[in-house]
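Hi,

Here is the model I said I would pass on. Have a look at it first, and my notes follow below.

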Amino acid sequence: MLFLLSLSILETVLVMVLATALIGKQFGVTACLLTISVVSAGVAAGLILGIFEPAAIRLDSTNFTPALVFVCGVFGVVGFAIRLWSIGQALSVPVPSVGRISGSSGASMLAFAASAHLAFTAVDHWWFYRGAATGIASPMAMGVKDVACSQAVFRVEGSDAVYRCPKWMMFNQRYAKPFVPWPDYVSGHSKVLKDKYDELMKVAQ
């Protein structure tokens, strides 16, 4: 839910920035317009890939949603950092404009934080799937009673499996490495899940 909230905040502020730029309040207009174009396109593409998946996907197919989210986040961080710097440079304007600048800087800081969150969710995704033994499983179908969710992503780590159960939504469920944005998941360790995974691997061989 926080992931979608960050997207909503970012898109709302981007629209506000575009409106401000069109009115003529030029605080880093070029950087902001570039940010709007890249972030909006990336967010749209990421959500489309994450929700509306192709009917047939190979397990080794690359999941591009986290990469698009990361690019959106980085561009948002850079673009709004430039905007905040531009607003800072304008603090020498007459007093009547201070309220406008304060509101603009507040919105930009909010968008900066939302962009940083988006970038972090992608990094968190890649860090979780480090190693070869990772994937998605149905703990309930496998008879794993200590993992209380119908679907979970996992990574084998030593004698346990580190898992994440999505609280609200899982993107790219048909890929080998679905995208579960931070912090909308419950994480934990399960030896039973690791043992069940090992059994399935033996049967597959």
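**What I found**

Four strands make up an open sheet, ordered S1-S2-S3-S4, with antiparallel pairing. At the edges sit strand S1 (134–137) and strand S4 (185–190), each of which pairs on one side only. Ignoring direction, neighbouring strands in this sheet are turned by 25 degrees against each other on average. Keep in mind that this is a predicted model.

Inside the sheet, strand S2 (residues 152–157) and strand S3 (residues 160–166) run antiparallel and are joined by five bridges.

Next, Leu 193, which belongs to helix H6 (residues 191–204). Its relative accessibility is 1%, so Leu 193 counts as buried, the cut-off being under 20%. Leaving aside residues up to four places away in sequence, Leu 193 touches Met 142, Val 144, Phe 154, Ala 161 and Tyr 163. As for Val 156, it is 37 residues from Leu 193 along the chain, and the C-alpha atoms of the two are 9.1 Å apart.

Then there is the surface. Val 74, Val 78 and Ile 82 form a nonpolar patch there, and together they have about 210 Å² of accessible area. Val 74 is part of helix H3 (residues 65–89). With a relative accessibility of 32%, Val 74 counts as partly exposed, because that class covers values between 20% and 50%.

Cheers

Terms used: Residues numbered from 1 in each chain as written. Predicted model: local features only at pLDDT ≥ 70, side-chain atom pairs only at ≥ 80, totals over all residues. Heavy atoms only, no water. Helix = DSSP H or I, 4+ residues; strand = E, 2+ residues; numbered from the N terminus. Buried < 20%, exposed > 50% of the residue type's maximum accessible area, 1.4 Å probe, protein only. Contact = heavy atoms within 4.5 Å. Patch = residues over 30% accessible without salt bridge, like charges linked within 9 Å, V, L, I, M, F, W, Y side chains within 5 Å. Areas by Shrake-Rupley, 256 points an atom, 1.4 Å probe, with all protein chains shown as cover. Salt bridge = Lys/Arg side-chain N within 4 Å of Asp/Glu carboxyl O. Pairing = 2+ DSSP bridges. Axes fitted to C-alpha atoms, helices over the stretch in contact; angles between N-to-C directions.
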